[in-house]
Amino acid sequence: MRELAEKREAMRRCLEFLQEGVVLLGPRSEVLYMNPAAAGMLRLQSPPPESGQHPVLHSLAPYPELEEFIEGTTPSASRREILSLHMSDAEGEQDQPEQVSLEMTMAAAGMARRLLVIRDVEAAEDVDRKRQDFVANASHELKTPIAALIGLLDLFDLVAEDKREDLLQRAQRNARGLANLADDLLALARAEAGEWQPNPQSLNVGDQAERVMEALRPSAEAKGLEMRVAIAPSTDDLWLDDFAMRTILQNLIGNAIAYTEQGKITIRAELTPDQTRLLLEVSDTGPGIDPEIQPRIFERFFRADVAHSRASGGTGLGLSIVRHLVKRLGGRVSLHSEPGQGSTFRVELPCRL
Ligand code: ADP
């Protein structure tokens, strides 16, 4: 009995983590089991309890197309179909019902029971589309500096001696751009990979910001930008992931310098009064960001001005890396900006002392 109970528990855990929806139906289409994914796709608040009365599926998810599909399948037959269901969201916040395509597979499960497996076709297609877009964008971004490098090096033997220095400098810039892109693609892959886990360690936020700034200071000084730092001593010893913090700081401070032509960059860090969250802010006196494009700024490869971004060594990936890392750390990132008034990026991260 114990062995059986353990196996049942292991099975339940597997089902809870599945992306596919799984529903076990009794002879009268009553729900004997439903995993959370199925409840989500059918827009139920939560799966019905397994003990006690078993409600029939139609009373929980009253979609005529679904009822027709289930009742129209003989208990011993298998059937697969894509159903288009009209759903309103669980909180009833939407005026218009949303049309959702779900692939339903029904199979006999013995003892007059039936198993219904549900797959969100659109979500799967969306992931595929995003992946294809990403590969296309990344290849395009790689091709540009590679083509420039090849062109410049081909010219090398053909141009007069006094032009060679300039060619070399341009080749160097493109090579650096390629290296930046490779670094950012790796950082993004790392931040997005399911297996990446933050590895918190004792960290001094001020020291880390100082190290990041040291590398970026020459470009700030070249533009005559003032760098101000206001880091509270309460952030001297926090339990945080080193790679994530460094990457976030590098990208936000790097952008502030890259897009600001005059004035100052300010870096602030402090703990929330309840000491459970780190607040990090990077402000600049740059051009600000148009409200219309603010929602797109964290997308991969999005740049307001491609030429300017490239010229300053940008890849269009920095902010999407920041957003991913912050999300994986359980925090959030926001932008406050008005055209002509500069920009402030604010990151809030849960942390332990
Ligand atoms: P990039 O490598 O192009 O800087 P990011 O993902 O870091 O890529 O940023 C995306 C775009 O957001 C930039 O190309 C730029 O148009 C805009 N942006 C980011 N930070 C700032 C800032 N501090 N001020 C103005 N615009 C910014």
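Helix α6 covers residues 161–192, 32 residues in total; helices here are DSSP runs of H or I of at least four residues, and strands are runs of E of at least two, numbered from the N terminus. At 1.5 Å a residue, counted over one less than the number of residues, α6 should span 46 Å, and its end C-alpha atoms lie 47 Å apart, which agrees. The model is predicted, so that local features need pLDDT of at least 70 and side-chain atom pairs count only at pLDDT 80 or more, whereas totals for chains, interfaces and linings use all residues. Residues are numbered from 1 along each chain as its sequence is written, and side-chain values use heavy atoms, without hydrogens and water.

Buried residues of α6 include Leu167, Ala171, Leu178 and Asp184, where buried means under 20% relative accessible area, exposed over 50% and partly exposed in between (1.4 Å probe, protein chains only). The buried residues of α6 pack against the helices tabulated below.

| Partner of α6 | Residues |
|---|---|
| α5 | 121–156 |
| α8 | 242–259 |
| α10 | 318–328 |

α5 and α6 pack at about 160°, with axes 9 Å apart; the axes are lines fitted to C-alpha atoms over the stretch in contact, and angles run from 0 to 180 degrees between N-to-C directions. The two helices are therefore roughly antiparallel, a term for angles over 145 degrees.

Arg332 is found in strand β11, residues 332–337, and is exposed, with a relative accessible area of 53%. Beyond its neighbours within four places in sequence, Arg332 is in contact (heavy atoms within 4.5 Å) with Val326, Arg346, Val347 and Glu348.

Terms used
Parallel < 35°, antiparallel > 145°, perpendicular 65-115°, else oblique.
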